[in-house]
Amino acid sequence: MMAEYLLFATERYALPILGPLASALQAAGHGVSSLFVAGAAGAALPAPVRPVDVRGAVALRPRAVFSAANTVPTFVSGAKVQLFHGFNVEKRSDQRGHFRVRGLFDLYCTQGPLTTAPFAAMARAQGHFAVVETGWPKLDPLFRGDDALADALRARAGGRPVVLFASTFTERLSAAPRLFDAIAAEIARGERFWILTLHPKCAPELFARYRALAGDHAVFVETEQLVSAQRAADVLVADTTSVVSEFAVQRKPVVTFRNRAPKPHMLDFDQAADLRRQLERAFAPTPERVQAIADYADAIHPARDGRASERVLAATEALLAGELGALRRKPLSAIYRGLQIRRELGYWGPGAR
């Protein structure tokens, strides 16, 4: 049965998460609309995804709303499904970070055992949401089909090893300003080809500096091209960003600069001058490091079939069919948060059920 579904985002980095899900919905014959606000305003997914404003989202009366943000418009009808905008990289405490439950969602679609277990425990205790481990739609393109952009990036490398650099926007954790000179020196050597990208919230002057490094030995890519960049690269250099986990899911080495919570699979360092040595270690990983990467990948995202989007849809249908059990009433705090969302979106009209 054909139905209408809504995709919700507040930042541009949500588009690669929602894109594979939109494709799965369309392949199943459903209608797909998008409500992109705040930092995602003006962004769009390819047709036939239809952009709508807030009033259009209410009028749509979707069967479900899929959110790649911390919030979701509670006044829009349909099941509210949390997809997450990243992996748990331990930037903040669990209560303030990845495992914060705001009382807005009916279903959490988790990425792997490390996130499933904590959310499942909270679901049993609180009872107002369900949890299903589906994998993460953003990673579907890592494991299925051809990728013309990834192929083009590898071709630009001309047979050289490929390094991807990605950085968080959080100033105290960002490697981008601290590693710039070391990265520029590595690019100038030309021994390896570099793919450069930054979080969309990074300062414009930082974007300008890194874009200026593009040339025969480097290219700058946008957030929407990150998955292709990850497929093309052999090694990642990053900091405390979710990209570290995304890249490790491919069983590829990661070099991290002052990571807030370094793990055995990471090559973590704290002096910019040490970048070259860490790259040499990354391109010749020990058997122990290879095993540590595989173990971590299995813990955060064991699925490698590229079908997380289809599992998200199946989990949503199971929720709507009552197969995941009856949910308790949302906590009172959800009412306050719902009012905050209305204020942020500038909508005080009637909600839809």
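**Stop 1: helix α3**

Contact here means heavy atoms within 4.5 Å. Helices (H or I, at least four residues) and strands (E, at least two) are DSSP runs, numbered from the N terminus. The model is predicted: local features need pLDDT of at least 70, side-chain atom pairs count only at pLDDT 80 or more, and totals for chains, interfaces and linings use all residues. Residues are numbered from 1 along each chain as its sequence is written, and side-chain values use heavy atoms, with hydrogens and water left out.

Now take α3 by itself, residues 113-126. Its 14 residues reach 20 Å from first C-alpha to last, close to the 20 Å expected at 1.5 Å a residue. That expected span is 1.5 Å times one less than the number of residues.

Which residues of α3 are buried? Color T115, T116, F119, A120, M122 and A123. Buried means under 20% relative accessible area, exposed over 50%, and partly exposed in between (1.4 Å probe, protein chains only). Look down the axis of α3: the buried residues fall within an arc of 165 degrees, so they line one face of the helix. The arc is that of the directions from the helix axis to the C-beta atoms. An α-helix has 3.6 residues a turn, so residues three or four places apart point the same way.

Step just past α3 to G127, where phi is positive, about 75 degrees.

**Stop 2: S33**

Select S33 in strand β2 (residues 31-36). S33 counts as buried because its relative accessibility is 0%. Show its contacts: E4, Y5, L6, L7, V49, R50, V52 and L60, not counting residues up to four places away in sequence. For a distance check, pick H128: its C-alpha is 26 Å from that of S33, and the two are 95 residues apart along the chain.

**Stop 3: S77**

Go to the loop between β4 (64-67) and β5 (79-82) and select S77. S77 is buried, with a relative accessible area of 5%.

**Stop 4: W348**

Finish in the segment after α12 (333-345), where W348 lies. Is W348 buried or exposed? W348 counts as exposed, at 57% relative accessibility.
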